[in-house]
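Please look over the sequence and the structure shown here before reading on. The briefing below is meant to be read slowly, with the structure kept in view.

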Amino acid sequence: MSLLREIQNAAIDSNTELAALLRKCKVLAARLGNPEFKQWVESELSGYDDIDDLPNYRILQVNSKGHFSGPFQSGLRNASIPLMCIDEKFRKNLSLSYLTQGVASMESLVNSASGGTLQEPWNSDLVAYVGQDIYEGMNCMQAWKVIPIAGIVSALDAVRNRILNFVLEIEAESPYAGEAPVNSNPVSQEKVHQIFNTYISGNVQNVATGSSDVEQNAINNETSPEVLSQLITALESVRGGPAYESAKNSVIEMQECYGSDSFKSKYQNFMSTLADHMQVLGPVVAPYLPALAALVS
């Protein structure tokens, strides 16, 4: 069996450990000679050193809870912490959990969890700093982020899906790429770069490149958000499909935060959705991508 087929089978088989699948991908990366794919595989195996390098599927929206003590032995346990009570400069960090560890560690967390959530403790200095500002007359003794197991499972699935999509496209270009000598470039680096950006990083600039089935007419609206309204209208053609709601909601989020610092992250969320549903969304979204990319440039 070819290496590409081995990777495909392992990606489909949920019983195959993700670390084992990624090690097969490490071999493929060496044979393709592509540094982007090689670095992504290594980061997923060993973990990410910098949260700024994290793919969006490794950043989870979370809530926080804590234990509080008050006068006369009163108190609250496992009480939800509304972030509106916290100084604004701390809110973003407290509303997000960054999954920086390697996939083996993430799978271990999922397998060992006894309930549906995990806990990420707040920094003790932060607890002391804001502890009296949350519930009137009470002091926070301990606080933590509530990490949903489902979010970690979703992140692990995102890695599998990206690997499967990437390898299928590589096979379409060169069925024997997995058996090629190391750094022999069985697929051109330009093509590997395009496939990587489309199916793994989500930085899609030109979905229709090399396709004879899509008529691509770039819409030049420069930095006008009008393209977002046009994109929502275009998505109506796939209404009812599994990708429709997710894609539409992502575009609406981009509309709502256009011009703010969070726009780029919303754009990345949309591109990730596109990467996960390329067959359905690609032909619909392709004409709008140049104008959309201009919004974040």
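Predicted model: local features only at pLDDT ≥ 70, side-chain atom pairs only at ≥ 80, totals over all residues.

The protein is built from 13 helices and six strands, and 44% of its 297 residues count as buried. Its C-alpha atoms fill a box of roughly 75 × 45 × 30 Å when the box is taken along the principal axes.

**The protein as a whole**

- Among the contacts between residues at least 6 apart in sequence, 70% join residues that are at least 24 apart.
- The accessible surface of the protein comes to about 15,500 Å², and carbon and sulfur atoms account for 47% of that surface.

**Helix 2 and its buried face**

- Helix 2, which runs over residues 18-32, has 15 residues, and the distance from its first C-alpha to its last is 20 Å, close to the 21 Å expected at 1.5 Å a residue.
- Which residues of helix 2 are buried? They are Leu-18, Ala-19, Leu-21, Leu-22, Cys-25, Leu-28, Ala-29 and Leu-32.
- When helix 2 is seen down its axis, these buried residues fall within an arc of 160 degrees, so they line one face of the helix.
- The buried residues of helix 2 pack against several other helices, namely helix 1 (3-12), helix 3 (35-46), helix 5 (103-112), helix 7 (149-173) and helix 8 (189-201).
- After helix 2 comes Gly-33, which has a positive phi near 70 degrees.

**Helix 9 and what covers it**

- In helix 9, which spans residues 226-235, the buried residues are Val-227, Leu-228, Leu-231, Ile-232, Ala-234 and Leu-235.
- These residues cover an arc of only 160 degrees around the axis, which puts them on the same side of helix 9.
- The cover over the buried residues of helix 9 includes helix 10 (244-256), helix 11 (263-276), helix 12 (278-285) and helix 13 (289-294).

**Two loop residues with positive phi**

- Phe-72 is a residue other than glycine with a positive phi, near 55 degrees, and it lies in the loop between strand 2 (63-69) and strand 3 (75-80).
- Is Phe-72 buried or exposed? With a relative accessibility of 84%, Phe-72 counts as exposed.
- Asn-185 is not a glycine either, yet its phi is positive at about 55 degrees, and its place is in the loop between helix 7 and helix 8.
- Asn-185 has a relative accessibility of 39%, and on that value it counts as partly exposed.

- When neighbours within four places in sequence are left aside, Glu-171 is in contact with Leu-4, Arg-5 and Gln-8.
- Val-187 is found in the loop between helix 7 and helix 8, and at 4% relative accessibility it counts as buried.
- Not counting residues up to four places away in sequence, Val-187 touches Ile-170, Glu-173, Ser-174, Ala-177 and Val-192.
- Val-187 and Ile-134 are 53 residues apart along the chain, and their C-alpha atoms are separated by 57 Å.
- Phe-196 belongs to helix 8, and its relative accessibility of 6% makes it count as buried.
- Beyond its neighbours within four places in sequence, Phe-196 is in contact with Glu-36, Phe-37, Trp-40, Phe-166 and Ser-201.
- Phe-196 and Leu-60 are 136 residues apart in sequence, and the distance between them in space, C-alpha to C-alpha, is 23 Å.

- Asn-269 is found in helix 11, where it is partly exposed, with a relative accessible area of 26%.
- Leaving aside its neighbours within four places in sequence, Asn-269 is in contact with Asn-56, Ser-250 and Glu-253.
- Asn-269 and Gln-8 are 261 residues apart in sequence, and in space they are 25 Å apart, C-alpha to C-alpha.

Methods. Residues numbered from 1 in each chain as written. Heavy atoms only, no water. Helix = DSSP H or I, 4+ residues; strand = E, 2+ residues; numbered from the N terminus. Buried < 20%, exposed > 50% of the residue type's maximum accessible area, 1.4 Å probe, protein only. Contact = heavy atoms within 4.5 Å. Areas by Shrake-Rupley, 256 points an atom, 1.4 Å probe, with all protein chains shown as cover. Expected span 1.5 Å × (residues − 1). Arc of directions from axis to C-beta.
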